[in-house]
Amino acid sequence: MPIRSVLVLGAGSAGLMAALTLKRKLPELAVRVVRSPEIGVIGVGEGTTIAFPKHFFEYLKLKPQQFYAEAEPTWKLGIKFLWGPRPEFYYTFAYEFQQRFPELSRNNGFYFTDDSRCAGPISAFMSQDKAFPRQQNGAPLFHKSHAFHIENLKLVRWLEEVCRTFGVQIVDATVTAERGEKGIDALKTETGERLTADLYVDASGFRSELLGRALQEPHLSYSDALFCDRAIIGGWPRTDEPIKPYTVAETMEAGWCWQIEHENWINRGYVYASPFISDDAAREELFRKNPKISNEPRLVKFRSGRYVRNWVGNVVGIGNAVGFVEPLEATALQVICVETSTLADSLIDSLCEPTPTLIELYNRYNAQAWDDIRDFLAIHYAFNTRLDNEFWRACRNDTKLHGAQFLVDFYKENGPSVVAGAQLLHPSNSFGMDGYLALLIGQKVPHQKPYNPPPAEASVWKSKCATWNAEASRGLDVRQCLNAIQGVAPKWGS
(Lines give C-alpha, C1' and ligand atoms only; values in the text may rest on other atoms or scores of the structure.)
Protein backbone atom coordinates (compact mmCIF):
# COMPACT_ATOMS: atom_id res chain seq x y z
CA MET A 1 0.00 0.00 0.00
CA PRO A 2 1.42 3.40 -0.92
CA ILE A 3 2.01 5.99 1.78
CA ARG A 4 -0.63 8.69 1.52
CA SER A 5 -0.63 10.10 5.05
CA VAL A 6 2.08 10.99 7.56
CA LEU A 7 1.74 11.70 11.27
CA VAL A 8 4.62 13.53 12.94
CA LEU A 9 4.95 13.28 16.73
CA GLY A 10 6.63 16.42 18.04
CA ALA A 11 6.36 20.09 17.06
CA GLY A 12 9.89 21.26 17.76
CA SER A 13 12.41 22.01 15.06
CA ALA A 14 12.78 18.32 14.11
CA GLY A 15 9.06 17.64 13.75
CA LEU A 16 8.29 20.84 11.89
CA MET A 17 11.28 20.44 9.55
CA ALA A 18 10.20 16.89 8.78
CA ALA A 19 6.60 17.93 8.12
CA LEU A 20 7.62 20.90 5.99
CA THR A 21 10.12 18.90 3.95
CA LEU A 22 7.67 16.09 3.21
CA LYS A 23 4.81 18.45 2.36
CA ARG A 24 6.98 20.69 0.22
CA LYS A 25 8.51 17.83 -1.77
CA LEU A 26 5.38 15.63 -1.85
CA PRO A 27 2.44 18.04 -1.71
CA GLU A 28 -0.04 15.21 -2.29
CA LEU A 29 0.77 13.74 1.14
CA ALA A 30 -1.58 14.46 4.05
CA VAL A 31 0.80 15.60 6.79
CA ARG A 32 -0.22 16.21 10.41
CA VAL A 33 1.93 17.24 13.36
CA VAL A 34 0.98 16.29 16.91
CA ARG A 35 2.11 18.97 19.34
CA SER A 36 2.16 17.44 22.80
CA PRO A 37 2.70 19.48 25.99
CA GLU A 38 4.78 16.56 27.29
CA ILE A 39 7.30 17.04 24.49
CA GLY A 40 8.94 20.37 25.20
CA VAL A 41 11.14 22.55 23.01
CA ILE A 42 14.73 22.87 24.26
CA GLY A 43 14.67 26.55 23.38
CA VAL A 44 18.38 27.41 23.37
CA GLY A 45 20.46 29.28 20.84
CA GLU A 46 21.13 27.24 17.73
CA GLY A 47 24.24 27.24 15.62
CA THR A 48 23.86 25.78 12.15
CA THR A 49 26.08 24.52 9.37
CA ILE A 50 25.96 25.32 5.68
CA ALA A 51 23.57 22.36 5.28
CA PHE A 52 20.82 24.50 6.81
CA PRO A 53 20.56 27.26 4.16
CA LYS A 54 21.14 24.72 1.40
CA HIS A 55 18.23 22.64 2.68
CA PHE A 56 15.76 25.49 2.94
CA PHE A 57 16.81 27.76 0.09
CA GLU A 58 18.06 25.25 -2.49
CA TYR A 59 16.41 21.90 -1.72
CA LEU A 60 13.03 23.27 -0.57
CA LYS A 61 13.34 26.45 -2.65
CA LEU A 62 11.95 28.68 0.08
CA LYS A 63 12.56 32.41 -0.18
CA PRO A 64 14.81 33.85 2.51
CA GLN A 65 12.72 36.97 3.16
CA GLN A 66 10.26 35.40 5.60
CA PHE A 67 13.06 33.48 7.30
CA TYR A 68 15.02 36.67 7.97
CA ALA A 69 11.90 38.49 9.15
CA GLU A 70 10.59 35.76 11.47
CA ALA A 71 13.67 33.88 12.67
CA GLU A 72 15.91 36.98 12.94
CA PRO A 73 19.18 35.09 12.36
CA THR A 74 22.71 36.37 12.48
CA TRP A 75 25.43 35.02 10.20
CA LYS A 76 27.94 32.35 11.07
CA LEU A 77 31.11 31.86 9.01
CA GLY A 78 32.38 28.97 11.12
CA ILE A 79 33.79 28.22 14.57
CA LYS A 80 36.54 29.97 16.49
CA PHE A 81 38.31 27.37 18.62
CA LEU A 82 40.02 28.33 21.86
CA TRP A 83 41.51 24.89 21.78
CA GLY A 84 44.87 23.19 21.63
CA PRO A 85 48.27 24.93 21.84
CA ARG A 86 47.50 27.85 19.50
CA PRO A 87 45.84 31.00 20.93
CA GLU A 88 42.96 30.20 18.56
CA PHE A 89 42.18 28.65 15.21
CA TYR A 90 39.26 28.73 12.80
CA TYR A 91 37.03 26.15 11.18
CA THR A 92 35.19 27.55 8.15
CA PHE A 93 32.67 26.34 5.59
CA ALA A 94 34.96 27.41 2.73
CA TYR A 95 37.40 24.46 2.35
CA GLU A 96 40.47 26.62 2.72
CA PHE A 97 43.16 24.10 3.74
CA GLN A 98 42.72 21.77 0.77
CA GLN A 99 42.79 24.57 -1.81
CA ARG A 100 45.85 24.79 -4.06
CA PHE A 101 46.89 27.93 -5.93
CA PRO A 102 48.63 27.74 -9.34
CA GLU A 103 51.69 29.53 -7.98
CA LEU A 104 52.14 27.02 -5.16
CA SER A 105 53.20 23.39 -5.44
CA ARG A 106 51.04 22.14 -2.59
CA ASN A 107 47.68 22.76 -0.99
CA ASN A 108 47.29 25.53 1.59
CA GLY A 109 47.59 23.23 4.60
CA PHE A 110 51.32 22.83 4.02
CA TYR A 111 51.92 26.61 4.22
CA PHE A 112 49.98 27.27 7.43
CA THR A 113 52.40 28.22 10.22
CA ASP A 114 52.32 29.53 13.77
CA ASP A 115 52.30 33.03 12.28
CA SER A 116 49.29 32.31 10.06
CA ARG A 117 45.99 33.43 11.51
CA CYS A 118 44.13 32.47 8.36
CA ALA A 119 44.23 29.88 5.60
CA GLY A 120 41.95 31.79 3.23
CA PRO A 121 39.63 34.78 2.99
CA ILE A 122 36.84 33.47 5.25
CA SER A 123 39.15 32.73 8.20
CA ALA A 124 40.74 36.15 7.64
CA PHE A 125 37.31 37.77 8.05
CA MET A 126 36.65 35.69 11.17
CA SER A 127 39.98 36.71 12.68
CA GLN A 128 38.93 40.37 12.40
CA ASP A 129 35.29 39.80 13.50
CA LYS A 130 34.03 40.77 10.04
CA ALA A 131 31.13 39.07 8.30
CA PHE A 132 31.11 39.97 4.59
CA PRO A 133 33.16 41.97 2.07
CA ARG A 134 32.23 45.58 1.39
CA GLN A 135 31.21 46.41 -2.18
CA GLN A 136 32.22 49.68 -3.85
CA ASN A 137 28.82 51.14 -3.01
CA GLY A 138 29.31 50.22 0.66
CA ALA A 139 26.77 47.37 0.67
CA PRO A 140 27.70 43.89 1.90
CA LEU A 141 28.70 41.29 -0.68
CA PHE A 142 26.90 38.16 0.51
CA HIS A 143 28.26 34.73 -0.40
CA LYS A 144 27.29 31.13 0.28
CA SER A 145 30.10 30.20 2.69
CA HIS A 146 27.97 30.92 5.74
CA ALA A 147 25.38 29.44 8.03
CA PHE A 148 23.28 31.07 10.78
CA HIS A 149 22.85 31.57 14.49
CA ILE A 150 19.16 31.32 15.40
CA GLU A 151 17.18 31.42 18.61
CA ASN A 152 15.30 28.13 18.73
CA LEU A 153 11.93 29.56 19.73
CA LYS A 154 12.05 32.00 16.81
CA LEU A 155 13.05 29.19 14.45
CA VAL A 156 10.13 27.06 15.63
CA ARG A 157 7.75 29.98 15.20
CA TRP A 158 8.93 30.50 11.61
CA LEU A 159 8.75 26.78 10.82
CA GLU A 160 5.21 26.55 12.17
CA GLU A 161 4.09 29.49 10.04
CA VAL A 162 5.62 28.00 6.87
CA CYS A 163 4.16 24.58 7.64
CA ARG A 164 0.67 26.03 7.88
CA THR A 165 1.22 27.95 4.64
CA PHE A 166 1.87 24.70 2.78
CA GLY A 167 -1.06 22.86 4.32
CA VAL A 168 0.45 20.97 7.24
CA GLN A 169 -2.13 20.39 9.97
CA ILE A 170 -0.96 20.91 13.57
CA VAL A 171 -2.92 19.12 16.30
CA ASP A 172 -2.55 19.74 20.03
CA ALA A 173 -2.87 16.50 21.97
CA THR A 174 -1.25 14.25 24.53
CA VAL A 175 -0.94 10.81 22.96
CA THR A 176 0.14 7.27 23.69
CA ALA A 177 1.34 4.84 21.06
CA GLU A 178 -0.52 1.66 20.12
CA ARG A 179 1.83 -1.00 18.78
CA GLY A 180 0.85 -3.22 15.89
CA GLU A 181 2.26 -5.74 13.45
CA LYS A 182 3.74 -3.07 11.18
CA GLY A 183 5.07 -0.96 14.02
CA ILE A 184 2.55 1.62 15.26
CA ASP A 185 -1.19 1.23 14.71
CA ALA A 186 -2.27 4.60 16.11
CA LEU A 187 -1.53 7.46 18.45
CA LYS A 188 -4.34 7.56 21.00
CA THR A 189 -5.25 10.94 22.52
CA GLU A 190 -6.34 11.55 26.10
CA THR A 191 -9.94 11.87 24.84
CA GLY A 192 -9.80 8.41 23.26
CA GLU A 193 -9.43 9.54 19.64
CA ARG A 194 -7.15 7.36 17.53
CA LEU A 195 -4.89 9.28 15.16
CA THR A 196 -3.71 7.04 12.34
CA ALA A 197 -1.42 7.35 9.33
CA ASP A 198 0.48 5.24 6.83
CA LEU A 199 3.81 6.50 8.14
CA TYR A 200 4.71 7.80 11.61
CA VAL A 201 7.62 10.19 12.15
CA ASP A 202 9.07 10.18 15.64
CA ALA A 203 10.33 13.68 16.40
CA SER A 204 9.73 13.43 20.14
CA GLY A 205 13.27 14.38 21.11
CA PHE A 206 15.15 12.57 23.84
CA ARG A 207 11.94 10.75 24.82
CA SER A 208 11.97 8.79 21.51
CA GLU A 209 8.40 7.75 22.20
CA LEU A 210 7.94 5.61 19.10
CA LEU A 211 11.36 4.39 18.02
CA GLY A 212 12.86 3.90 21.47
CA ARG A 213 10.01 3.36 23.91
CA ALA A 214 7.31 1.73 21.81
CA LEU A 215 9.42 -0.27 19.33
CA GLN A 216 12.39 -0.86 21.67
CA GLU A 217 14.98 -0.31 18.95
CA PRO A 218 18.49 -1.07 20.34
CA HIS A 219 20.65 1.92 21.21
CA LEU A 220 24.34 2.26 20.27
CA SER A 221 26.36 4.27 22.78
CA TYR A 222 29.12 6.69 21.74
CA SER A 223 30.52 6.90 25.26
CA ASP A 224 33.90 5.44 24.28
CA ALA A 225 34.52 8.45 22.00
CA LEU A 226 32.47 11.24 23.62
CA PHE A 227 32.68 11.46 27.41
CA CYS A 228 30.46 14.50 28.06
CA ASP A 229 26.93 13.85 29.28
CA ARG A 230 25.57 17.18 30.58
CA ALA A 231 25.25 20.83 29.66
CA ILE A 232 24.46 23.90 31.74
CA ILE A 233 23.08 26.76 29.67
CA GLY A 234 22.79 30.48 30.38
CA GLY A 235 23.18 33.87 28.77
CA TRP A 236 22.70 37.61 28.99
CA PRO A 237 21.21 40.50 27.01
CA ARG A 238 23.63 42.10 24.58
CA THR A 239 24.75 45.60 25.46
CA ASP A 240 27.80 47.00 23.67
CA GLU A 241 29.41 43.65 22.75
CA PRO A 242 30.11 43.25 19.02
CA ILE A 243 28.13 40.49 17.28
CA LYS A 244 30.72 37.93 16.28
CA PRO A 245 30.29 36.15 12.90
CA TYR A 246 31.13 32.74 14.36
CA THR A 247 30.46 30.37 17.20
CA VAL A 248 33.13 30.17 19.90
CA ALA A 249 34.16 26.77 21.29
CA GLU A 250 36.24 27.32 24.43
CA THR A 251 38.14 24.65 26.34
CA MET A 252 36.89 24.24 29.92
CA GLU A 253 38.08 22.19 32.89
CA ALA A 254 35.91 19.16 32.13
CA GLY A 255 34.58 19.87 28.66
CA TRP A 256 33.97 22.99 26.63
CA CYS A 257 31.75 26.06 26.41
CA TRP A 258 29.93 27.47 23.40
CA GLN A 259 29.12 31.09 22.70
CA ILE A 260 26.36 31.67 20.16
CA GLU A 261 25.69 35.18 18.92
CA HIS A 262 22.17 36.58 18.52
CA GLU A 263 21.30 40.16 17.74
CA ASN A 264 20.05 40.92 21.25
CA TRP A 265 21.20 37.94 23.31
CA ILE A 266 24.46 36.07 23.96
CA ASN A 267 24.02 32.36 24.66
CA ARG A 268 26.60 30.35 26.62
CA GLY A 269 26.57 26.63 27.36
CA TYR A 270 29.07 24.49 29.25
CA VAL A 271 29.15 20.89 28.01
CA TYR A 272 30.88 18.65 30.55
CA ALA A 273 31.47 15.11 31.77
CA SER A 274 29.80 14.50 35.12
CA PRO A 275 32.30 11.81 36.26
CA PHE A 276 34.99 14.53 36.23
CA ILE A 277 33.13 17.53 37.67
CA SER A 278 30.02 18.02 39.80
CA ASP A 279 27.02 20.01 38.61
CA ASP A 280 27.69 22.67 41.24
CA ALA A 281 31.35 22.99 40.24
CA ALA A 282 30.41 23.23 36.56
CA ARG A 283 27.90 25.95 37.38
CA GLU A 284 30.51 27.84 39.40
CA GLU A 285 33.04 27.62 36.54
CA LEU A 286 30.47 28.85 34.03
CA PHE A 287 29.60 31.88 36.19
CA ARG A 288 33.21 32.62 37.07
CA LYS A 289 34.20 32.79 33.41
CA ASN A 290 30.96 34.51 32.33
CA PRO A 291 30.00 36.98 35.08
CA LYS A 292 27.45 38.70 32.83
CA ILE A 293 25.08 35.70 32.87
CA SER A 294 21.75 37.13 34.00
CA ASN A 295 19.34 34.20 33.91
CA GLU A 296 19.17 31.03 35.94
CA PRO A 297 21.13 28.43 33.95
CA ARG A 298 19.33 25.27 32.90
CA LEU A 299 20.83 21.80 33.29
CA VAL A 300 20.36 19.34 30.43
CA LYS A 301 21.36 15.69 30.80
CA PHE A 302 21.99 13.63 27.69
CA ARG A 303 23.58 10.47 26.41
CA SER A 304 25.64 10.38 23.24
CA GLY A 305 24.73 7.71 20.74
CA ARG A 306 22.09 6.63 18.27
CA TYR A 307 19.49 3.96 17.75
CA VAL A 308 20.69 1.20 15.44
CA ARG A 309 18.04 2.01 12.81
CA ASN A 310 16.21 5.22 11.92
CA TRP A 311 13.42 3.49 9.98
CA VAL A 312 11.68 0.57 11.71
CA GLY A 313 8.43 -0.76 10.27
CA ASN A 314 6.17 2.22 9.66
CA VAL A 315 8.15 4.54 11.96
CA VAL A 316 10.98 6.89 10.97
CA GLY A 317 12.88 8.71 13.68
CA ILE A 318 14.18 12.25 13.14
CA GLY A 319 16.67 14.30 15.16
CA ASN A 320 17.11 13.66 18.88
CA ALA A 321 14.55 10.84 18.74
CA VAL A 322 17.19 8.88 16.78
CA GLY A 323 20.41 10.06 18.36
CA PHE A 324 22.31 12.85 20.01
CA VAL A 325 25.82 14.21 20.13
CA GLU A 326 26.98 17.36 21.84
CA PRO A 327 26.79 20.49 19.64
CA LEU A 328 30.56 20.89 19.26
CA GLU A 329 30.11 21.25 15.49
CA ALA A 330 26.49 22.49 15.57
CA THR A 331 25.27 19.37 13.79
CA ALA A 332 21.78 19.01 15.33
CA LEU A 333 19.91 20.83 12.58
CA GLN A 334 22.29 19.48 9.94
CA VAL A 335 21.31 15.92 10.92
CA ILE A 336 17.63 16.81 10.63
CA CYS A 337 18.22 18.27 7.16
CA VAL A 338 19.93 15.05 6.06
CA GLU A 339 17.33 12.74 7.60
CA THR A 340 14.34 14.62 6.25
CA SER A 341 15.71 15.15 2.75
CA THR A 342 16.71 11.50 2.37
CA LEU A 343 13.27 10.47 3.63
CA ALA A 344 11.55 12.72 1.11
CA ASP A 345 13.81 11.52 -1.71
CA SER A 346 13.18 7.90 -0.74
CA LEU A 347 9.42 8.39 -0.93
CA ILE A 348 9.68 10.26 -4.22
CA ASP A 349 11.86 7.62 -5.89
CA SER A 350 9.78 4.70 -4.61
CA LEU A 351 6.46 6.30 -5.61
CA CYS A 352 5.62 6.30 -1.90
CA GLU A 353 5.97 2.51 -1.72
CA PRO A 354 9.38 2.09 -0.08
CA THR A 355 11.01 -1.28 -0.65
CA PRO A 356 13.02 -3.30 1.91
CA THR A 357 16.30 -2.53 0.14
CA LEU A 358 15.53 1.19 0.06
CA ILE A 359 14.71 1.19 3.77
CA GLU A 360 17.92 -0.70 4.51
CA LEU A 361 19.91 1.80 2.46
CA TYR A 362 18.19 4.69 4.26
CA ASN A 363 19.22 3.19 7.59
CA ARG A 364 22.80 2.61 6.46
CA TYR A 365 23.14 6.12 5.09
CA ASN A 366 21.82 7.89 8.16
CA ALA A 367 23.69 5.63 10.57
CA GLN A 368 26.87 6.53 8.70
CA ALA A 369 26.01 10.24 9.02
CA TRP A 370 25.73 9.88 12.81
CA ASP A 371 28.94 7.86 13.03
CA ASP A 372 30.76 10.43 10.89
CA ILE A 373 29.87 13.11 13.43
CA ARG A 374 31.05 10.93 16.32
CA ASP A 375 34.37 10.31 14.56
CA PHE A 376 34.91 13.99 13.77
CA LEU A 377 34.08 15.12 17.30
CA ALA A 378 36.48 12.52 18.68
CA ILE A 379 39.31 14.34 16.86
CA HIS A 380 38.52 17.44 18.92
CA TYR A 381 39.06 15.56 22.17
CA ALA A 382 41.89 13.19 21.32
CA PHE A 383 44.36 15.97 20.42
CA ASN A 384 43.42 18.97 22.57
CA THR A 385 46.52 19.74 24.65
CA ARG A 386 45.36 23.09 26.01
CA LEU A 387 44.82 21.83 29.56
CA ASP A 388 46.59 19.09 31.48
CA ASN A 389 44.15 17.71 34.00
CA GLU A 390 42.35 14.43 34.71
CA PHE A 391 39.58 14.98 32.15
CA TRP A 392 41.76 16.08 29.26
CA ARG A 393 44.36 13.40 29.94
CA ALA A 394 41.57 10.82 29.77
CA CYS A 395 40.42 12.32 26.48
CA ARG A 396 43.91 12.19 24.98
CA ASN A 397 44.57 8.66 26.23
CA ASP A 398 41.21 6.93 25.92
CA THR A 399 39.15 8.54 23.12
CA LYS A 400 38.35 5.96 20.44
CA LEU A 401 38.64 7.38 16.93
CA HIS A 402 36.67 4.59 15.21
CA GLY A 403 36.30 5.44 11.51
CA ALA A 404 38.71 8.38 11.74
CA GLN A 405 41.66 6.27 12.89
CA PHE A 406 43.13 5.57 9.44
CA LEU A 407 42.75 9.20 8.38
CA VAL A 408 44.66 10.29 11.49
CA ASP A 409 47.35 7.66 10.84
CA PHE A 410 47.63 8.92 7.25
CA TYR A 411 47.96 12.51 8.44
CA LYS A 412 50.65 11.67 10.97
CA GLU A 413 52.71 10.02 8.22
CA ASN A 414 51.92 12.36 5.30
CA GLY A 415 50.87 15.70 6.74
CA PRO A 416 48.00 17.76 5.28
CA SER A 417 48.10 15.98 1.92
CA VAL A 418 44.81 15.78 0.03
CA VAL A 419 46.16 13.31 -2.51
CA ALA A 420 44.06 10.51 -1.04
CA GLY A 421 41.18 12.60 0.24
CA ALA A 422 38.61 10.75 -1.85
CA GLN A 423 39.75 7.45 -0.37
CA LEU A 424 40.02 8.62 3.22
CA LEU A 425 36.42 9.86 3.44
CA HIS A 426 33.30 8.80 1.57
CA PRO A 427 31.65 11.49 -0.58
CA SER A 428 28.71 12.09 1.75
CA ASN A 429 30.90 12.96 4.75
CA SER A 430 29.67 16.43 5.68
CA PHE A 431 32.97 17.66 7.10
CA GLY A 432 35.21 16.56 4.28
CA MET A 433 38.98 16.43 4.26
CA ASP A 434 39.13 20.17 4.88
CA GLY A 435 37.27 19.85 8.15
CA TYR A 436 39.70 17.26 9.40
CA LEU A 437 42.66 19.34 8.24
CA ALA A 438 41.31 22.39 10.10
CA LEU A 439 41.19 20.40 13.35
CA LEU A 440 44.45 18.49 12.91
CA ILE A 441 46.45 21.52 11.79
CA GLY A 442 44.66 23.80 14.24
CA GLN A 443 45.60 21.52 17.15
CA LYS A 444 49.17 21.17 15.83
CA VAL A 445 49.00 17.40 15.57
CA PRO A 446 52.57 16.48 14.57
CA HIS A 447 53.34 14.73 11.29
CA GLN A 448 56.40 13.38 9.50
CA LYS A 449 56.30 15.59 6.38
CA PRO A 450 56.79 19.23 7.39
CA TYR A 451 57.34 21.45 4.37
CA ASN A 452 59.74 24.36 4.22
CA PRO A 453 58.68 26.25 1.09
CA PRO A 454 61.35 27.87 -1.08
CA PRO A 455 61.56 31.67 -0.80
CA ALA A 456 59.42 32.29 -3.89
CA GLU A 457 56.56 30.16 -2.57
CA ALA A 458 56.89 31.60 0.94
CA SER A 459 56.59 35.06 -0.58
CA VAL A 460 53.47 34.09 -2.54
CA TRP A 461 51.82 32.69 0.60
CA LYS A 462 52.71 35.78 2.63
CA SER A 463 51.28 38.00 -0.10
CA LYS A 464 48.02 36.05 -0.23
CA CYS A 465 47.63 36.25 3.56
CA ALA A 466 48.23 40.00 3.41
CA THR A 467 45.60 40.37 0.66
CA TRP A 468 43.02 38.37 2.62
CA ASN A 469 43.68 40.37 5.78
CA ALA A 470 43.49 43.68 3.92
CA GLU A 471 40.16 42.71 2.38
CA ALA A 472 38.88 41.66 5.80
CA SER A 473 39.91 44.97 7.33
CA ARG A 474 37.68 46.74 4.79
CA GLY A 475 34.81 44.33 5.43
CA LEU A 476 31.55 44.84 7.31
CA ASP A 477 30.75 43.42 10.71
CA VAL A 478 27.48 41.69 11.58
CA ARG A 479 25.80 44.81 12.95
CA GLN A 480 26.64 46.78 9.80
CA CYS A 481 25.27 43.97 7.64
CA LEU A 482 22.07 43.78 9.68
CA ASN A 483 21.60 47.53 9.29
CA ALA A 484 22.21 47.22 5.54
CA ILE A 485 19.46 44.63 4.98
CA GLN A 486 16.73 46.15 7.13
CA GLY A 487 13.54 45.72 5.18
CA VAL A 488 15.27 43.86 2.33
CA ALA A 489 16.59 40.38 3.15
CA PRO A 490 19.44 39.16 0.96
CA LYS A 491 18.93 36.37 -1.49
CA TRP A 492 20.72 33.10 -0.69
CA GLY A 493 24.23 33.59 -2.03
CA SER A 494 23.57 37.10 -3.35
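## Close-up views of the predicted model

**View A. Helices α9 and α13 meet along a set of side-by-side residues listed here: Asp 372, Asp 375, Phe 376, Ile 379 and His 380 in α9 meet Gly 435, Tyr 436, Leu 439 and Leu 440 in α13.** Contact denotes heavy atoms within 4.5 Å. Helices (DSSP runs of H or I, at least four residues) and strands (DSSP runs of E, at least two) are numbered from the N terminus. The model is predicted, so that local features need pLDDT of at least 70 and side-chain atom pairs count only at pLDDT 80 or more, whereas totals for chains, interfaces and linings use all residues. Residues are numbered from 1 along each chain as its sequence is written, and side-chain values use heavy atoms, with hydrogens and water left out. Helix α9 spans residues 356–382 and helix α13 residues 432–442; they pack at an angle of about 20 degrees, their axes 9 Å apart. Helix α9 is therefore roughly parallel to α13. Axes are lines fitted to C-alpha atoms, for helices over the stretch in contact, and angles between N-to-C directions run from 0 to 180 degrees. Angles under 35 degrees count as roughly parallel, over 145 as roughly antiparallel, 65 to 115 as roughly perpendicular and the rest as oblique. The crossing of α9 and α13 is left-handed, a term for a near helix turned anticlockwise from the far one by less than a right angle, right-handed being the clockwise case.

**View B. Helices α1 and α5 form a left-handed crossing.** The axes of α1 (residues 13–25) and α5 (residues 152–165) come within 9 Å and cross at roughly 25 degrees; the two helices are therefore roughly parallel to each other. On the α1 side, the contact is made by Ser 13, Leu 16, Met 17, Ala 19 and Leu 20. Helix α5 contributes Asn 152, Leu 155, Val 156, Leu 159, Glu 160, Val 162 and Cys 163.

**View C. A network of salt bridges links Arg 35, Glu 160, Arg 164 and Asp 172.** A salt bridge places a side-chain nitrogen of Lys or Arg within 4 Å of a carboxyl oxygen of Asp or Glu. Arg 35 belongs to strand β2 (residues 30–35) and Asp 172 to strand β8 (residues 169–172), so the bridge ties together parts 137 residues apart in sequence. Arg 35 is partly exposed at 25% relative accessible area, while Asp 172 is exposed at 53%. Buried means under 20% relative accessible area, exposed over 50%, and partly exposed in between (1.4 Å probe, protein chains only). The whole structure holds 29 salt bridges.

**View D. Glu 296 and Arg 283 are joined by a salt bridge of 2.8 Å, N to O.** Glu 296 lies in the loop between α7 (279–289) and β18 (298–301), and Arg 283 in helix α7, 13 residues apart. Glu 296 is exposed, with a relative accessible area of 55%; Arg 283, at 30%, is partly exposed.

**View E. Helix α7 has Ala 282, Glu 285 and Leu 286 as its buried residues.** Seen down the axis of α7, they fall within an arc of 100 degrees and so line one face of the helix. The arc is that of the directions from the helix axis to the C-beta atoms. These buried residues pack against β14 (230–237), β15 (247–252), β16 (255–261) and β17 (265–272).

**View F. Arg 393 forms a salt bridge with Asp 388.** The closest N and O atoms are 3.2 Å apart. Arg 393 is partly exposed at 37% relative accessible area, whereas Asp 388 is exposed at 58%.

**View G. Glu 72 and Ala 330 are residues other than glycine with positive phi.** Glu 72 has phi near 50 degrees and sits in the loop between α3 (64–71) and β4 (74–76). Its relative accessible area is 35%, which makes Glu 72 partly exposed. Ala 330 has phi of about 55 degrees and occupies the loop between β22 (323–324) and α8. At 9% relative accessibility, Ala 330 is buried.

**View H. Ser 346 is a buried residue of helix α8.** The helix covers residues 332–349, and the relative accessible area of Ser 346 is 12%. Neighbours within four places in sequence aside, Ser 346 is in contact with Trp 311, Leu 358 and Tyr 362.
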